[in-house]
Amino acid sequence: MFHYPDIEWTRLQAEAVGIPHVTAKASGVKEEELGAMKEALLELKCTRGIDCVVAGSIASEYQKWRIETICYELGIRSVAPLWRKDPEQLLTEQVEMGFEFILTACMAMGLGPDWLGRMIDSKAIDELKSISRRYGISLVFEGGEAETYVLNAPMFTKRIRIVEARPVWKGDSGFLDIVRASLYDKDA
């Protein structure tokens with residue numbers, strides 16, 4: 001249910017946005033991982049006064065329903081601004097708005113090691129549409145086909161630069177192991 005490749009580098013994203021970075025460990029076992037999320041949100045509600053969770057759910061009923069259920073139980077609003085957006089339109093809009101993001105994990109037919117670390121741009125979107133038609137994957141990876149990492153976004157005050165990374169490929173899937181990354185000025 002949760003993103004895991006290169007999760008330690010989300011601290012740079014939080015810093016680029018100017019928000020506190022909070023993480024919680026989860027077992028990765030289906031349904032049990034929700035307990036960790038609930039505990040973390042309860043702690044944040046009590047210690048930092050959060051009243052809302054914003055999720056990137058686009059099409060996964062499984063993910064959206066579970067987040068909404070936990071939020072309801074805790075008296076926290078659940079917001080999913082991308083919910084039911086057309087995947088192709090969403091990707092195109094994100095690229096046009098200046099989002100820069102790469103693939104950090106590939107777990108589906110049609111996505112080979114050459115996709116690891118690849119920037120999603122209009123050419124990549126065209127290729128993903130072709131892969132989607134051929135293999136039936138979600139363009140926005142809502143079935144867990146891949147994971148992404150945002151390097152730059154309109155709301156970032158700085159960009160993220162990957163200084164060192166190595167692809168790790170085993171069988172028919174793999175991930176990008178980011179070894180070193182840093183923030184730098186957008187106009188540098």
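A residue is called buried under 20% relative accessible area, exposed over 50%, and partly exposed in between, with a 1.4 Å probe and protein chains only. By that definition glutamate 88 is partly exposed, because its relative accessibility is 35%. The structure is a predicted model, in which local features need pLDDT of at least 70 and side-chain atom pairs count only at pLDDT 80 or more, whereas totals for chains, interfaces and linings use all residues. Residues are numbered from 1 along each chain as its sequence is written, and side-chain values use heavy atoms, with hydrogens and water left out.

The interior is considered next. A nonpolar core is a set of buried Ala, Val, Leu, Ile, Met, Phe, Trp, Tyr and Cys residues joined through side-chain atoms within 4.5 Å. The largest such core has 33 residues, and Leu111, Trp115 and Ile120 touch the most other members. Two or more residues are given to this core by each of α1 (10-17), α4, β3 (100-106), α5 (122-135), β4 and β6 (173-185). These elements are DSSP runs numbered from the N terminus, helices being H or I with at least four residues and strands E with at least two. A second, separate core comprises 10 residues, including Leu34, Met37, Ile70 and Cys71.

Contacts, meaning heavy atoms within 4.5 Å, show the surroundings of individual residues. Apart from neighbours within four places in sequence, leucine 111 is in contact with Cys106, Leu128, Ile131, Ile137, Phe141, Glu145, Ala146 and Trp169. Cysteine 106 is itself buried, because its relative accessible area is 0%. Leucine 103 belongs to strand β3 and counts as buried because its relative accessibility is 0%. With neighbours within four places again set aside, the contacts of leucine 103 include Trp115, Ile120, Phe141, Ala146 and Leu176. In helix α4 (residues 87-97) lies glutamine 94, which is buried at a relative accessible area of 18%. Beyond residues up to four places away in sequence, glutamine 94 touches Leu82, Phe99 and Phe101.

Charged pairs follow. Side chains of opposite charge can pair when their charged atoms come close. A salt bridge is here a side-chain nitrogen of Lys or Arg within 4 Å of a carboxyl oxygen of Asp or Glu, and the structure holds 12 of them. In one, lysine 129 pairs with glutamate 88, with the closest N and O atoms 2.9 Å apart. This pair links distant parts of the chain, since lysine 129 is in helix α5 and glutamate 88 in helix α4, 41 residues apart. Another salt bridge joins arginine 118 to glutamate 127, where the closest N and O atoms are also 2.9 Å apart. Arginine 118 is buried at 19%, while glutamate 127 is partly exposed at 29% relative accessibility. Between strands β5 and β6, 16 residues apart, glutamate 164 and arginine 180 are linked. Salt bridges that share partners join Glu88, Asp126 and Lys129 into one network.

The cysteines and the surface complete the account. With a disulfide defined as a pair of cysteine sulfur atoms within 2.5 Å, a search of the whole structure finds 0 disulfides. Cysteine 46 is thus in none, and the nearest cysteine sulfur, that of cysteine 71, is 14 Å away. Cysteine 46 is exposed, with a relative accessible area of 61%. Methionine 155, in the loop between β4 (146-152) and β5 (158-170), is partly exposed at 46% relative accessibility.
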